[in-house]
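Open the model in your viewer and keep the selection tool at hand. The stops below go one after another.

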Amino acid sequence: MYKRQALNLVTYQGASANAYLGGGWLLSALAINKAQLLGETGFNDQSYYNLLLDPQTATGSTTTAGTVALGSTWNGWNNNLNFRLWGYQFNNYSNLLYADSDLNLKANNQLSFTISAQGSYQFGSTNNILNNNGFGQNIQSNMLGLQLGMTYDWFNLKLGYNNIWGPADSAMNGNIISPYTYTLATDPLYTTSWITGLVDRSAGQALKIAPTISFLDDTLQIGASAAYFQTSFVPSAREYDLTISYAIPQVKGLTIFGGYGYIDQAANDPEIPNGYYEAQVMLTYLY
C-alpha cells in the first residue's frame, strides 16, 4: 500500500563530504552501506522494495550493498540562479543521473516569479534486485519536469508538470527506481503530493497546482494542492491535499502540523481503494 508515514525519515550509515570550490560551486560526495528505515529498530541492508517493508514488490530478503553519489551545486546571479547535478549508483538496482535548476525573477518588493526545470536518466544492468524477482526485464527511465511559481506578498502559487517514460518491459513501465523514498512521497519531483507521486506509482505524466497563503509573519501557512497522475502501470488517480503549519514563535523549532489528503482513483485498484484518505496531526521540535 502507498502508505504515508508520520515522519518521512531514513537514517543512513556511511560518510559524506563537501568542498566549496569558489565561484559559487559546491562539490559533494556520499557513500552509505546500511539504512535504518522508518519503523525499524536498527540498520540493515534492505530498501523499501523489499518484501517485509512493501508487499507490492515481492523481492524477499534480497539485500543491497548501499549507495554512492557525487554531486555539484552552483549558485550565481546574486543567488537568483542555481543548478544541481548528481550521479547515483544504487548498488544492486541501477545508476541515476539527476539535474535541476531554478531561476528567480523579482518584479518588485512584493512580486516575484520562479522558473524551475528538472530531468533524470536512469540505467543499469539486467542483473538487479527488481528484474531478478520478476519486475520488468531491464532498468531504463527518463524524466523531465517543469515548474512555474509566483509569489505576491502573502500568496504563493506553483504549477508543476512531470513526465516519466521508458521501455514497456522496464520495471514499472520505465519508472524511476528510488530504493529509499519509494512509497514515502519524499522525492524531489515537482508533482509529488502529500500521499503519493509518480515515483511511488509508475511511469506516466502528472500535473499539480498548489496555492499557499501565509499569515503572522509567515509563521502560519495554509496550503492546498490538486494533482492528476496519468500512469501506465497502475490506474490513474487524482489527489487533493490540505495542510496547515504553524511555527510557534515563542519556542524556536516548535511546529504544529496538520494535513488531510484524499485520493480519487479506479475502484478496482487493490492497493488504494477509491476514496482513500489520510489525516495527520503532528507536533515537531527541531533543536
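Start by selecting strands S3 and S4, which form a hairpin with four residues between them; in the turn, Trp-77 has a positive phi of about 55°. Strands here are DSSP runs (E, at least two residues) and helices are DSSP runs (H or I, at least four), numbered from the N terminus. This is a predicted model, in which local features need pLDDT of at least 70 and side-chain atom pairs count only at pLDDT 80 or more, while totals for chains, interfaces and linings use all residues. Residues are numbered from 1 along each chain as its sequence is written, and side-chain values use heavy atoms, with hydrogens and water left out.

S3 (residues 67-76) and S4 (residues 81-90) run antiparallel, joined by ten bridges; strands pair if DSSP finds at least two bridges between them. Pick Trp-74 and find its bridge partner in S4, Phe-83.

Arg-84 has Asp-100 in S5 as its bridge partner.

Now move to Glu-239 in strand S11 (residues 237-247). Is Glu-239 buried or exposed? Glu-239 is buried (under 20% relative accessible area, 1.4 Å probe, protein chains only). Glu-239 has no salt bridge (a side-chain nitrogen of Lys or Arg within 4 Å of a carboxyl oxygen of Asp or Glu); the nearest side chain of opposite charge, Arg-201, is 7.1 Å away. A polar atom of the Glu-239 side chain lies 3.1 Å from the backbone nitrogen of Trp-194.

Notes
Buried means under 20% relative accessible area, exposed over 50%, partly exposed in between (1.4 Å probe, protein chains only). Lys and Arg count as positive and Asp and Glu as negative; His and the chain ends are not counted. A polar contact is a pair of N or O atoms within 3.5 Å; within protein, one must be able to donate a hydrogen and the other to accept it, and residues adjacent in sequence count only if both atoms are side-chain atoms.
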